[in-house]
Each structure stands twice: as structure tokens, then as C-alpha cells.
Amino acid sequence: MQLLDGKFVSEKIKQDIAAEAADFLASSGRKPHLIAILVGSDGGSETYVASKMKNCEKVGFKSSLVRYDVTVTEAELLSKIEEINQDAGVDGLIVQLPLPKHIDPEKVTETIDYRKDVDGFHPINLGRMMRNLPCFIPATPYGIMLMLEQYGIDTVGKHCVVVGRSNIVGSPMSILMARNANPGNCTVSLTHSRTENLKEIILQGDIVIAAIGKKNFITADMIKPGAVIIDVGMNRETSATTKSGYKLYGDVDFDNVAPKASWITPVPGGVGLMTIVGLLKNTLASAKKEVY
Ligand code: GUN
């Protein structure tokens, strides 16, 4: 078994991003600028947004955080998004999910100008991704593709089993792995909570991408020997023994699955760090007008 090391790969790519950001600053007189909107104070969202902001600073981007109380109205939030859409000094705008129940995430997603949608959630970006056109690719699937590329994992003609069909990870991931591109060119099974014979299908996977949100859901008996395992799980449990007060678990039972796998991502230290890289790359591409 070999580790797909998100720490190593993300640091390496961030060095390249930092160099490009410095060139951009030298030629344009400004830094790439990402704005994140955070509504409320969900523990996970706080951590993820703080990490996004910190990494922006690390690679020489400008980052701004706009915070709203959980009681903010949908109209107020949409009007702020429209204001930011008009600001030529902003390259990327993300609204951290999940949102409180009284705010429609679809409205929020479609209000963000697709040319600043560095999360790649807007229907225009998703549609363009399906057609293999320039677009912003959702950060987590993008990060996974970069990881597969960096390690030279051969995906052509392989059976890729994606577990979980979320808008953020599973669904876009299945499209990317099936596209005529490299990495890509897989035969893809997109499985989910209603899939029959799930274990039998996962057992056929040369590449298994677990994005189901359940701790240790993928066990050793579900894995074909030699499979490539990508664990997208970010399952937080409170813990008295860690400094942060919580511990992170993947969707894969790492200790028992790893010995059967050819390659596997750890949690933490795997996909999570690559998500940030995907977001930074999209923001830089937006600043450089490489997509739109
Ligand atoms: N919540 C969980 N993942 C994401 C993400 O990639 N972007 C945003 N905006 N919210 C999230």
C-alpha cells in the first residue's frame, strides 16, 4: 500500500500557486482576491473557512470574510452577493454551506456570478464541466483529480465506483472520472443510499471514491485487492484528547482497508487539503481571466 499524501502534494502545488500569484501581483498591481461568506457559526464551517482564508494569505492572495448572524434574511444575503458580483476587484466568491433552513441554497448558488463562482457550484459551471468546456470545477473533485494526476494513477478504462451523490462531491466527481480526459476515461458507477447490492458494486471498483459522510462505512470486505481508495469523509467527533476538541474520521475503515489497497488517502492529511488547492487554483484562474 502507498499513501496518497495530501500534505505533500498540496504544499507542492501551493508553491506553484504562490509563484504565479507573485507574477500576477507584479504585472497587475493587485493580489487575487477571494471573499467567503459565512452564515452562523457551525463548528465545521468555521474551521473550513478559517483554513481557506489562512491558505489564501499563505500563497499571497487577498482574502476577506463576510460574516452574518444565523438570523440574516435571504434577501439580505442575496443583495450582498449581488453587490460583490459587481466588484471588479473580487475574483472569487464562495458562500460556505450548509446554510440555515430559511435560506434557499439553490437561490444563493444561482445568484453568485458564474464568473466568480470558484466553488464551481453554479449550473453554468456544472453544465460546462459536463461538456468538457473551460469552467470552474468544484474544489473537492478538482483536488482529487490533481492528486490522481500528481501520483500518475492510471485511470483509463478502470471501473470507478463513487459512493455518495452530493452536488458538492459525488455527482461532479462521477462526471469528471467519466470524461474523455486524463485523469478520466473511467467506467463510472455512481452509487448512493438507495443502491441495491452496494457491497458487490464497490467490490468491482478499481478506484473507489467514498463521499457518503459516514465514519468507517467502507470496510475491508468491500474492497477489491489492489484498489485505489479515495476517502472524502470529514466526520467530526468530539474528543477530549485533541487540542481542537474534536477528531476527524474518514468514510473508510483505514486500518483494515489500507493493507488491501494499492493507494489510499489518509484522513486527515488527504483529500481535505486538496480541496483548498482546488479552490486556490480556481481563484487564481479567475484573477488571470483564464476561464472567463
Ligand atoms: N461545505 C462543504 N464543502 C464545501 C465547499 O466546497 N464549498 C462551500 N462553499 N461549502 C462547503
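Helices α1 and α10 cross in a left-handed way (the near helix is turned anticlockwise from the far one by less than a right angle). This is a predicted model, where local features need pLDDT of at least 70, side-chain atom pairs count only at pLDDT 80 or more, and totals for chains, interfaces and linings use all residues. Residues are numbered from 1 along each chain as its sequence is written.

**α1 with α10**
- Helix α1 covers residues 6–28 and helix α10 covers residues 271–287; they pack at about 15°, axes 9 Å apart.
- That angle makes α1 roughly parallel to α10 (angles under 35 degrees count as roughly parallel).
- Contact residues (C-beta atoms, placed from the backbone, within 7 Å) include I13, I17 and F24 of α1 and L273, V277 and L284 of α10.
- By class, the contact of α1 with α10 has 13 nonpolar, 3 polar and 4 charged residues.

**α2 with α10**
- Helix α2 (residues 43–58) comes within 10 Å of α10, axis to axis, and the two cross at roughly 55°.
- On the α2 side, S51, K52 and N55 meet I276, L279 and L280 of α10.

**Domains**
- The chain is split into domain 1 (28–113) and domain 2 (139–272), with bounds from an automatic or database domain assignment.
- Their C-alpha centres are 27 Å apart.

Key:
Axes are lines fitted to C-alpha atoms, for helices over the stretch in contact, and angles run from 0 to 180 degrees between N-to-C directions. Helices (H or I, at least four residues) and strands (E, at least two) are DSSP runs, numbered from the N terminus. Angles under 35 degrees count as roughly parallel, over 145 as roughly antiparallel, 65 to 115 as roughly perpendicular and the rest as oblique. Two residues are in contact if their C-beta atoms, placed from the backbone, lie within 7 Å. Ala, Val, Leu, Ile, Met, Phe, Trp, Tyr, Cys and Pro count as nonpolar, Asp, Glu, Lys and Arg as charged, and the others, Gly among them, as polar.
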